[in-house]
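The sequence and the structure are shown first.

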Amino acid sequence: MKYILPNNHGLSQQTVDLLVFKENESPALSNVQHSALGAGVGRGESLLVVSPTSTGKTQIALWAIAKSLEEGCNTVYLVTHRALAKQKFDDFRTLLLPSYLSNDPSSLVLATGDYVVDSDGELPKEPLRSPLIVATYEKYLAMLSASGVPNDMRRTVIVCDEIQLLGDEHRGQSVEILLTLLRNAGWKQFVGLSAVLQNNDAVNLADWLGIKLVIETSREKHLRYECWHQNGVVAVSSQSPEVFEELENSLDKKTDVISALKMLIKDKNPPLPIIVFCMRKQDTYDLATAFIKNTLPNTEPQLSLVFEALPETSANTFLAKTIEARVASHNADLTDEERGIVEQHLLENKLDIVFATTTLAAGVNFPLGAAIFADWKRWDADLRARIPIEGGDFHNMAGRVGRMGFAHEHGRVIFFAASDNELRASNTYLQLGDMSPLVPRVNHKKFNQLALQLVSSGLCSTRDQLEDLVCNTFSALREQDNNLTSFAKWPNKLELAVNGLIYEGFLIESQAGKLVATPVGKSVGHSGLLPETCTFLLNYLARKSDVLASCLPSNESQGDIAKLSFLLFSACLCSPEFRVQGNTKPTRFLPFPLEEPTLFNPSQYAQDLAEPIWQSDVMPINAAMICREWMDGAEVRKLESYCKSLSAGMLFEMFRNLGWILQGLSSIITAASDKRVDFSLRPRVLQDSTFNFDSLAKLPRVIKRLSFRVAEGLPDDVLWMMALNVPGSQFKLSRSDVLSLKSANFNTPEKVMLGNAAADAIRNETFKNAKPSPQAKSNWLRDACRGWKTVHRQKASERHKRRASKCSRPELVDRYYSAKGVEFERVFEEILSFLGIKFERLDDKTKTGAPDYLLLLQDSSPLVIEIKTKENDGLVDYNKAVEVLAASEIHGYKNAFCITLCHPGVDPSVPMVIVDCGRLSVVESHDLSEALMRICENSLTQSQLWQWLATPGQALAADLPFREYN
């Protein structure tokens with residue numbers, strides 16, 4: 001430890017006061033923190049910092065972030081997992097929002113595959129320009145791909161946590177693509193952090209990035225590594241890593257987890273809590289059960305009530321039996337909520353032993369005193385054998401113990417060798433400086449995805465630029481060193497990849513050699529999906545869009561959403577994103593238990609399936625059926641029961657992956673069905689002049705709605721209830737709450753907010769376990785439903801007033817939100833005129849039943865708009881929403897797309913039933929206000945506004961595109 005700041009450290013007094021640890025009023029810095037300050041992290045120098053886990057690297061990142069915020073720069077903190085992103089987001093909300101961000105909720109943004117929100121839970125208008133954004137690597141790449149790399153990245157500070165992710169087999173290419181984009185665009189400061197890079201890898205990576213390297217091998221709290229074998233113990237300490245000890249086995253040659261645990265617990269100062277790392281999920285249960293039986297042989301553990309508010313799953317049923325005995329398991333079977341409970345128990349010292357796979361959130365500080373590796377071999381599906389885990393993985397896991405800031409003086413790591421061969425193999429883990437080599441992951445098999453993202457983001461516009469950039473990636477430099485013959489083929493492979501993208505209609509090339517992404521190509525680049533996946537799905541839609549559109553509901557027909565969803569789900573789940581096709585490796589995986597049984601016979605749909613010979617691979621069929629049942633309201637426990645070993649954690653991961661691909665598909669179809677686009681700019685499979693684009697245009701918002709339903713696990717008629725959950729509220733509706741209300745036929749706002757005794761009884765029964773009382777939550781729900789649209793409108797009004805203060809007519813926003821009837825029409829016209837949006841008033845009071853306006857947006861066909869305002873926060877119903885259709889036909893606009901502007905809102909039952917007509921959308925006034933604000937701020941074009949309004953269904957602010965940078 002160092003107890004003085006280095007000279008010229010660069011930190012402001014505020015940062016020294018708030019973000020530097022103190023002992024007896026003096027700074028207390030770890031060695032690597034002192035070295036990083038000496039190297040200039042506080043002065044804006046770019047660094048790659050490599051030091052063991054638990055040496056205070058996160059604090060180094062905080063200093064760079066604080067300086068960036070003080071200087072008014074944009075700041076990005078990139079992490080590996082969404083759970084870690086959420087944890088850092090919460091930390092920054094406490095540490096940085098009051099002191100560095102002026103308590104402005106919109107200045108701190110969280111971006112993961114699940115959502116993009118600010119610290120108020122609102123959708124940010126320009127997340128890439130937020131003062132501080134916490135994001136996963138893939139999400140930030142997707143956002144850059146969608147918007148293009150901003151021109152002012154040199155005012156951006158980038159912090160990359162766990163930067164060694166660029167060597168990950170499945171995710172490494174995306175991380176390297178992102179680093180390549182950033183490296184070429186430039187930055188103000190770059191700080192990379194890692195605990196497990198080899199020295200030569202760190203040197204090479206720092207050289208490639210063009211930044212300084214800080215390496216520190218020592219820890220303030222040392223770890224003792226012990227390999228137990230039948231003849232003794234081999235031990236080494238991080239304090240003297242070159243000194244090996246040979247000791248006797250004190251447990252009568254026992255080399256098993258339970259014996260080791262019992263020994264540690266009997267210590268005078270037991271190193272609790274202890275984590276037991278398992279390579280198989282089942283071991284986390286079996287060992288937890290065995291440990292409790294051995295330590296509490298005649299005691300039946302008391303059932304815990306901490307999971308009472310959660311839906312029953314196999315995992316929390318087990319945990320309820322163990323957690324009161326201060327024992328828990330932690331693995332991929334757990335849902336996010338279940339993991340949160342286990343992790344909170346750890347942080348509050350309510351657990352002694354945790355049996356975990358590698359899912360125990362990397363990077364999160366837990367007060368662990370010792371780690372035992374129940375096993376150190378993992379199943380390799382390609383080799384069909386169990387092989388030792390990489391040294392870097394081992395040390396990253398082991399480093400979770402003995403962390404700074406907790407009571408343990410040191411950490412203890414125990415693992416076992418059951419044979420002489422294992423003893424020799426395990427020796428690598430006692431070589432504390434022997435980390436896994438960094439394996440570059442950019443390769444020619446994904447050059448098409450790489451090329452498309454680079455052109456879409458605006459970084460490359462010719463083949464030469466692509467070749468120059470790709471052949472100067474970190475992977476390329478490694479390939480040059482290791483296999484020059486292979487590297488020599490890269491330009492030709494890249495040439496073929498570009499040709500393939502042009503052939504599929506994702507890129508076009510001028511005679512002068514300029515490459516441009518087509519509208520669909522841009523959407524593919526934004527989606528993060530493989531180009532092969534998009535080609536596969538577009539081919540399917542080209543064949544079956546009429547069939548899919550025929551399933552849509554209307555006012556006369558309920559449609560067949562069950563068929564529509566099953567066909568779409570199975571198409572997505574059998575795409576190259578999930579299943580091997582040719583030489584394309586999947587990026588996502590379906591739960592392995594779905595492979596064997598056939599849970600559903602889809603013969604009735606066979607001719608319309610993306611894979612008609614479905615019997616050859618039943619996993620997508622099983623998965624699609626389960627996803628459909630989930631969104632229709634099936635209980636998790638029921639879905640788990642379909643297959644042996646199928647768990648809630650697997651299911652929720654599958655739901656998230658399906659929701660992600662559905663959202664990407666929705667955006668791609670929106671671009672593909674835009675009739676303004678010339679045929680030469682369409683995907684190859686849609687260049688047939690006889691293709692029915694009207695059917696395709698009906699699908700985007702339906703698919704987006706299905707993705708929401710999969711995310712929430714709710715039927716369509718009650719999906720609206722999740723909007724009642726607002727940040728800061730005392731209560732929150734759970735999925736089981738909503739399904740309970742639905743079962744009582746409380747599925748509309750009118751029914752939910754009834755105030756009679758019978759309605760009160762139904763709400764009280766739904767919330768019978770609510771705290772502090774069922775009645776309190778019942779009253780909240782009734783009032784929340786009554787003021788539902790009011791709250792959303794008020795929040796939007798406040799947000800838009802703040803933003804409008806920078807424009808010359810801020811009073812228009814206030815009038816827009818407060819006006820009704822004729823006055824609302826007046827202010828609407830004033831806003832359009834102020835924004836330079838051309839319009840014609842059709843209803844001049846002399847034409848009976850004429851619609852209100854004809855909107856004439858640039859480079860687009862006219863839109864007919866009808867305004868419907870309701871008093872007392874009433875909602876526009878179906879009959880009022882569709883009046884504009886008849887009015888447009890009567891007055892000469894039968895082919896024009898129509899919009900009903902609902903002020904303040906529309907009944908939630910309307911959006912799905914209007915899609916089938918193909919030429920109507922509804923938009924609520926606060927959502928349109930967001931779009932108009934972005935027009936004012938030059939972050940949305942009139943062409944983008946047209947596309948947003950002219951897509952059948954409900955136009956939501958969440959669907960507005962992010963700003964595109966030239």
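Helix 7 (residues 172–185) has 14 residues and spans 20 Å from its first C-alpha to its last, close to the 20 Å expected at 1.5 Å a residue. The expected span is 1.5 Å times one less than the number of residues, and helices (H or I, at least four residues) are DSSP runs numbered from the N terminus. The model is predicted: local features need pLDDT of at least 70 and side-chain atom pairs count only at pLDDT 80 or more, while totals for chains, interfaces and linings use all residues. Residues are numbered from 1 along each chain as its sequence is written, and side-chain values use heavy atoms, with hydrogens and water left out.

Buried means under 20% relative accessible area (1.4 Å probe, protein chains only). Among the buried residues of helix 7 are G172, E176, L179 and A185. Just after helix 7, G186 takes a positive phi of about 90 degrees.

| Helix | Residues | Number of residues | First to last C-alpha |
|---|---|---|---|
| Helix 7 | 172–185 | 14 residues | 20 Å |
| Helix 32 | 788–804 | 17 residues | 24 Å |

In helix 32, the buried residues include W788, R793, H800 and A804.

Two helix pairs come next. Helix 9 (residues 257–265) and helix 10 (residues 281–295) pack at about 50 degrees, with axes 10 Å apart; axes are lines fitted to C-alpha atoms over the stretch in contact, and angles run from 0 to 180 degrees between N-to-C directions.

Helix 15 (residues 447–456) and helix 20 (residues 519–527) pack at about 110 degrees, with their axes 9 Å apart. These two helices are therefore roughly perpendicular to each other. L452, Q453 and S456 of helix 15 make the contact with G521, K522, V524 and G525 of helix 20.

Finally, V910 lies in helix 36 (residues 910–914) and is buried, with a relative accessible area of 0%. Leaving aside neighbours within four places in sequence, V910 is in contact (heavy atoms within 4.5 Å) with V876, D877, Y878, A881 and V922.

Note on methods:
Buried < 20%, exposed > 50% of the residue type's maximum accessible area, 1.4 Å probe, protein only. Parallel < 35°, antiparallel > 145°, perpendicular 65-115°, else oblique.
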